[in-house]
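The exercises below are meant to be worked with the model open beside the text. Try each task before reading the solution that follows.

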Amino acid sequence: MVRIAYPFEGSVMVLSSKVQTRQPSFLVKVKKHNYLLLVLPALLLYVVFIIYPFLNSIRYSFFEWSGVGPMTYVGLENYRTIFFGVLQEFFVRALRHNLFAFVINFTLQTVFGLGLALALYTVMRGSNIYKTIFFIPNTLSTVIVGFLWNLLLNPQWGMVNRFFEMVGLGFLSRPWLGDPKLALPTILVVSAWRGLGFPILVYLAALLAIPAEYVEAARIDGAKGYQIVRYIYIPLILPTTFTLMTLSFIWTFNMFDLIFALQGASAGPNYATDVLGTLFYRITFGGMGSSATGMGLGAAIAVVTFAVLFPVSYLLNRISQKFDL
């Protein structure tokens with residue numbers, strides 16, 4: 001602002017002038033994209049703790065290395081050991097268990113999660129209490145969940161077998177974690193119970209987002225309750241279902257902690273509950289014998305797991321986008 005005084009008029013005129021200065025182009029670009037500074041801390045953490053270790057894992061997979069001392073370059077030998085060598089049987093079995101776990105876990109959580117979400121959606125009064133109850137297992141530590149279910153599933157004095165005996169169904173009593181045919185399905189039921197609260201809340205949010213006009217129009221046309229569920233609710237929540245499927249696939253292939261808490265690193269009995277996570281642990285930190293142990297082999301297992309996870313997750317995500325309204 002410029003102030004100019006005129007003594008002959010006894011007044012002061014105030015003039016405004018804008019001085020235009022040309023800033024360097026790089027400063028203009030920085031100001032235009034200054035929002036990137038907000039994500040820089042998170043990006044640095046992601047690079048340091050996710051990207052860098054992953055790239056290092058790819059590098060380690062081409063070496064024979066015990067974790068200390070010199071590294072010996074072996075090329076694709078670690079991958080040959082996994083696919084065609086002494087680890088082939090272990091790898092195929094663990095991958096098969098992961099795929100089986102995904103199917104069972106997703107089916108249980110989808111069926112019960114959607115059913116309970118529909119029940120809460122229909123009867124909203126007091127639903128907050130039930131949502132809290134259903135989500136409580138999700139907040140428990142995996143070690144606590146493993147310890148509790150180890151007690152409940154004890155074949156001699158566990159509450160599960162005692163309950164069957166009390167109601168006259170003692171013939172159903174089983175060594176749930178000791179039977180090779182029952183151990184993995186039992187762990188998957190425990191896993192589904194622990195994670196059930198998440199799909200319930202996600203499905204409930206998706207149901208609440210459906211416009212009420214659709215349901216009212218269907219009822220005017222004479223649609224019954226199950227018809228509304230089949231032709232209104234289920235088609236409109238398909239994107240949510242594919243999103244949950246993607247997350248379930250990723251979480252299933254990351255399974256380790258619950259199996260470790262219930263069955264230990266050996267994933268017994270006789271590797272009946274072995275998955276890629278427990279196989280990776282035994283290979284990397286010992287337990288597979290001197291000929292099949294090392295950081296290089298463990299890194300190769302991690303790279304192969306990512307090679308399975310990424311394309312399937314990407315495909316499911318693209319399918320979800322096609323169904324999204």
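**Exercise 1.** Find which helices each supply at least two residues of the lining of the largest pocket, and describe that lining.

*Solution.* Begin with the elements: helix H2 (36-60), H12, H14 and H15 each give at least two residues to the lining of the largest pocket, where helices (H or I, at least four residues) and strands (E, at least two) are DSSP runs numbered from the N terminus. The model is a predicted one, in which local features need pLDDT of at least 70 and side-chain atom pairs count only at pLDDT 80 or more, while totals for chains, interfaces and linings use all residues. Residues are numbered from 1 along each chain as its sequence is written, and side-chain values use heavy atoms, with hydrogens and water left out.

Next, take the lining itself, which has 24 residues, with Asn 254, Ala 302, Thr 305, Phe 306 and Leu 309 lying nearest the centre of the pocket. The largest share, 8 residues, comes from H15. By type, the lining divides into 19 nonpolar, 5 polar and no charged residues; here Ala, Val, Leu, Ile, Met, Phe, Trp, Tyr, Cys and Pro count as nonpolar, Asp, Glu, Lys and Arg as charged, and the others, Gly among them, as polar.

Last, the volume of this pocket is about 710 Å³. On a 1 Å grid over the protein atoms alone, a pocket is an open set of points with protein on both sides within 12 Å along at least five of seven lines, a cavity is a set where a 1.4 Å probe fits but cannot get out, and lining residues have an atom within 4 Å of a point.

**Exercise 2.** Describe the second largest pocket by its volume, its lining residues and their types.

*Solution.* The volume of the second largest pocket is about 360 Å³. Its lining has 15 residues, and Asn 105, Ser 191, Arg 194, Trp 251 and Met 255 lie nearest its centre. Two or more lining residues come from each of H4, helix H8 (183-195), H12 and H13, and the largest share, 3 residues, is from H8. Sorted by type, the lining of this second pocket holds 5 nonpolar, 8 polar and 2 charged residues.

**Exercise 3.** How many cavities of 30 Å³ or more does the structure hold, and is Ser 248 buried or exposed?

*Solution.* The structure holds 1 cavity of 30 Å³ or more, and about 60 Å³ of space lies in the largest cavity. Among the residues lining this cavity are Asn 105, Gln 109, Leu 244, Ser 248 and Trp 251, and the elements that give two or more residues to the lining are H4 and H12. The lining of the cavity divides into 5 nonpolar, 4 polar and no charged residues.

Now turn to Ser 248, which is found in helix H12. Ser 248 counts as buried because its relative accessibility is 4%, buried meaning under 20% relative accessible area, exposed over 50% and partly exposed in between (1.4 Å probe, protein chains only). Leaving aside neighbours within four places in sequence, Ser 248 is in contact (heavy atoms within 4.5 Å) with Phe 102, Asn 105 and Phe 106.

**Exercise 4.** At what angle do H4 and H14 pack, and which residues meet there?

*Solution.* The angle between H4 and H14 is about 145°, and their axes are 8 Å apart; axes are lines fitted to C-alpha atoms, for helices over the stretch in contact, and angles run from 0 to 180 degrees between N-to-C directions. From H4, Phe 90, Phe 91, Ala 94, Leu 95 and Asn 98 meet Leu 276, Leu 279 and Arg 282 of H14. The residues of this contact divide into 6 nonpolar, 1 polar and 1 charged.

**Exercise 5.** Where are Ala 267 and Tyr 271 found, and what is the phi of each residue?

*Solution.* Ala 267 lies in the loop between H13 and H14, and Tyr 271 lies in the loop between H13 and H14. Neither residue is a glycine, but phi is positive in each, near 50° for Ala 267 and about 60° for Tyr 271. Ala 267 is buried, at 0% relative accessibility, whereas Tyr 271 is partly exposed, with a relative accessible area of 24%. Pro 269 is also found in the loop between helix H13 (257-263) and H14, and the peptide bond from Gly 268 to Pro 269 is cis, with omega near -5°.

Conventions: Grid points are joined across faces, edges and corners, and a volume is the space filled by probe spheres set on the points.
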